[in-house]
Amino acid sequence: MSLLRKFVGMLLFIFFFSFHSSISVATVGQLNQQFGAEIKQQSDYLTFEHGQDIYHQEVLIKNTGDEVWEPNIHNLSYHLYDTNDDMIIFDGVRTVLPRQVLPGETIEMQAVFELPVPNGLYTVVWDMVKEGATWFGELDTNALAVTTVHLNKTLDFSIVKKKSELYAFSDKTISTRIVIKNEGSKAWKSEEHINLSYHIADNSGNRVIYDGLRTELPKEVNPGEFITLHAKIKLPDKPDSYLIAWDMVQENVSWFNADTAVTKIKVISSIWQYVLSAFAVVMFSIIVYIANKRTNIFRSRLFEKLTSYLFVRLDLIFFFVAVYYKTVIITANISLTNNETKNYIFMVTLMMCILFNFIHTNKLRLIVLFSVDIFISFILFGNLVYYSYFKDVLSLNLLSMANQLSSVSDSVYNLIKPSYYWLFADLAVFVIIFIVHRLKKLDMNWISPKINRGISFALLTVIFIPFMTNIKDLATGDFYLKRYYNMGIVQELGLVNYHLYDAYSFVSNKFDRISANDLKTIQNWKDSKEHPVGDGDYFGLGKNMNVVLIQSEALHDFTIGLKYREQEVTPNLNKFISESYYFTNFFNQTSQGRTSDAEFTTLTSLYPLQSGSVYTTYPAHKYKSLPVILSGRGYYTFSAHGYRGDFWNRNQVHKAMGFRESFFAKDFEMDDIVGMGISDNSFFKQSLSRIDQLPQPFFSFLITLTNHHPYNYQVPGEKFDVGVWEGTFLGDYLKSVHFADANLGKFLDSLKQKSYYDNTIIVIYGDHDSGVSLEDIKAIDDRVTGNARTNKVPLIIYIPGENSETFSKVAGHLDTLPTLLHLLGINNEQSLFMGKNLFSFDKSPVVFRNGSFISEDIIYMDGTCYRDDLEVNSELCEPTIDKVNEGLWISDQIVKFNLSEKLK
């Protein structure tokens, strides 16, 4: 590299600058005296490994001029050149002087500089600059110092061989052969958790999946070595054309960010898989039958009768193929499946077909099969819609709340995708079969109904015995008696079989009674329950104070402290946190009841039901709830929600919960409608008017409504700029939660004007997540890592006279009640609470309804144990799993059998 070219160029620049600025030679000399520097670097040749944001070099700098150097006015910077002497960066990052530097003084500094992504050689030309005035090197090239930098890439790879284009069905996990080469300077070792992954974007470049599935390396890969992998790809659910960008990743460190070729992939709706298969079976059967009739290829009379028998039952054959494939595909789309799951689906579907074969009349059987297929299709359709948002499956308890759907119809319609309607495509084939049967006279009489029933009974017996044997083995260990997780049963049995079991459970529970042994077990648990000692500094901080508890609709924790396009998403909550206690690891513990579950878990510290909602299943049951406890200590209890009282049975449940007075839509003036009902702004104003009249101390429970899915309502005056997210689900949510935050801020400002403000604890928490996908959250918030962490909602507690504090202890909805009682100075030794006081030394995990949990050091999610976001041996989680399942079972019994007042 020729440094002469750089210096000549610099001199020409000085001449140009002097000419156009009409600066005399004498003036340049004066500037040289004023701006003088001598830079000496520790080394003129450096080698770095790629992957850092900022690089460092030690330098000595002497002030050889007449002017005193001031930090942030006089800075060290650089110009960067590549191997072709082309300037890449003229205005480099600044290294700020640590202090004032006098003329003639020398200081030592850690100079900082940035390098571009590609590996190779670069030249860093160090120079001092007076901001807004001049570079020192423009006046005197002796002020420059040159460092050659060699940038290596420790972790790098290239793709040697891959398929350029793929075709696959949607919502599938597929694999493709790919050959990669280690282009870096370091070996890939298994203990360093280096895996192949990918990002998926649509044809417009919009990211669809950022964090793809991992394909582990089967062995250590040395620099320069090739390896062949069968890469796993989880496809998007939407049929479309996509681009897969391959990349390697070192877990919890960084992506390699290699510039590799992409793979095009065409995603086809998975519904076509079973439609085409079923259609092929039917057409093949028709062709064989007709061909044999016309050509008599198979001259055997027995074969002719057998084909005639099967052709007459073509509707049964097609029903089996259609139902089996639909159930397997949908089960696989919403759950993990294995061969055993498919076997259960196969056996139950086959038994259904054998039962229907008892119907000897062709027309009647076809009508029955057609009706059952429609029914099963609707079940699968409903589960797809429900799972797309709630990540769970439907149950009869949940369907008993169907009268609530009219109130949230917009939310339901937004969840339906056009591809779901292909579940009903097979019904057209039944029409074809019906027409064929009508056009072709079929020999129905060669086998009598009695023989047909005998064949059916024999086949049913052959299938039923091994099926029941498998079911008996599966039921070992109270799998069915203690049903903690609907999805777990779906994974074991398949979706349709799960619903058969759910129907059995629903009916049997109506006649169920708790046994004496179970009651004794629960009583022993209560008597032996430990109550960890709390931090005395927090006990009774709010003794005899009023309590205002606000449940904020769909308030997702990632919005707290988030800025987008230089706008705070929740400025009022951020301000409120600055003077409150804020719990940064507070998790949503709701289940199918969502908002009602949040109320129930917060007020009772018991788990929600696995299926349905406590509010609709057991609306009259009594609990040792927060309003009951506070009422017993002289508090006036009041609840308010701006929607109908019969929604979630709140008008009945709130009374059973111990609220002395409750306001619902009929009690409010509906003067400002936004979204589902009265706006939060009007709701807060009118609720505050009623709170003003309450005798003290009071407990007021306020449930907001405006920030409700699907968030696409129009808000007059809302000017939050969501940029490229305009018109998207994420963009609508950001605007909605910003609007909700503004209304909450107005309420808090109004509350501060009240005389009782300085004697009131204010608690704000989110009821559940927003439904925004992990990919979208990561796109705007780089603080979010891992799926488990996206389930967080905020918990904020304001106590008059106390300084703000932040707590990182893992917590959840169930912990709110015991924590509030601790702050109010109320002991709860005899409680049935499943949650913990967050100011105690209790380190029990946050437990979710599906049996997953998060503790301070381990996470158990969907049957997998993690530590530090890495999968570990499941034995590490097993001791906690047993305790978690026991707690879920005990809570279920307390709720189901109304035991709160029966236990001593």
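Tutor: Let's start with arginine 650. Leaving aside neighbours within four places in sequence, arginine 650 is in contact with Thr595, Glu599, Tyr615, His641, Gly645, Lys655, Phe664 and Ile703. Contact means heavy atoms within 4.5 Å. One caution: this is a predicted model, where local features need pLDDT of at least 70, side-chain atom pairs count only at pLDDT 80 or more, and totals for chains, interfaces and linings use all residues. Residues are numbered from 1 along each chain as its sequence is written, and side-chain values use heavy atoms, with hydrogens and water left out.

Student: Is arginine 650 buried or exposed?

Tutor: Arginine 650 counts as buried, because its relative accessibility is 1%. The cut-offs: buried is under 20% relative accessible area, exposed is over 50%, and partly exposed is in between, with a 1.4 Å probe and protein chains only.

Student: Where does arginine 650 lie?

Tutor: In helix α19, residues 650–657. Helices (H or I, at least four residues) and strands (E, at least two) are DSSP runs, numbered from the N terminus.

Student: Which side chain has a polar contact with arginine 650?

Tutor: That of histidine 641, at 3.4 Å. A polar contact is a pair of N or O atoms within 3.5 Å; within protein, one must be able to donate a hydrogen and the other to accept it, and residues adjacent in sequence count only if both atoms are side-chain atoms.

Student: OK, salt bridges. How many does the structure hold?

Tutor: 24. The test is a side-chain nitrogen of Lys or Arg within 4 Å of a carboxyl oxygen of Asp or Glu.

Student: What does lysine 326 pair with?

Tutor: Aspartate 426, at 3.1 Å from N to O. Lysine 326 sits in helix α5 (residues 314–334) and aspartate 426 in the loop between α9 (409–415) and α10 (427–439), so the bridge ties together parts 100 residues apart in sequence. Both lysine 326 and aspartate 426 are buried.

Student: And glutamate 661, which side chain does it meet in a salt bridge?

Tutor: Arginine 690, at 2.8 Å, N to O. Glutamate 661 is in strand β27 (residues 661–663) and arginine 690 is in helix α20 (residues 680–691), so this pair ties together parts 29 residues apart in sequence. Glutamate 661 and arginine 690 are both buried.

Student: Which residues are joined into a network by salt bridges that share partners?

Tutor: Asp211, Arg214, Glu251 and Lys778 form one such network. Within it, aspartate 211 bridges to arginine 214, with the closest N and O atoms 2.9 Å apart. Aspartate 211 is partly exposed at 33% relative accessibility. Arginine 214 is partly exposed too, at 21%.

Student: Switching to cysteines. How many disulfides does a search of the whole structure find?

Tutor: 1 disulfide. Cysteine 865 and cysteine 877 form it, their sulfur atoms 1.9 Å apart; the cut-off for a pair of cysteine sulfur atoms is within 2.5 Å. Cysteine 865 is in strand β38 (residues 864–867), while cysteine 877 is in the loop between β39 (870–872) and α24 (878–896), 12 residues apart.

Student: What's the handedness of the link?

Tutor: Right-handed, with 75 degrees about the S-S bond. Cysteine 865 and cysteine 877 are both buried.

Student: What about threonine 816?

Tutor: Threonine 816 is in helix α23 (residues 816–823). Its relative accessible area is 4%, so threonine 816 is buried. The side chain of threonine 816 reaches the backbone oxygen of histidine 813 at 3.0 Å. Beyond neighbours within four places in sequence, threonine 816 is in contact with Phe586 and Thr602.

Student: Now the surface. Which residues form a nonpolar patch there?

Tutor: One such patch is Val431, Phe434 and Ile435, with about 240 Å² of accessible area together. Patch residues have over 30% relative accessible area and no salt bridge; like charges are joined within 9 Å, nonpolar side chains (Val, Leu, Ile, Met, Phe, Trp, Tyr) within 5 Å. Areas come from the Shrake-Rupley method with a 1.4 Å probe; for residues, only the protein chains shown count as cover. Isoleucine 435 lies in helix α10, and isoleucine 435 is partly exposed at 44% relative accessibility.

Student: And overall?

Tutor: The protein has 24 helices and 39 strands. Of its 904 residues, 53% count as buried.
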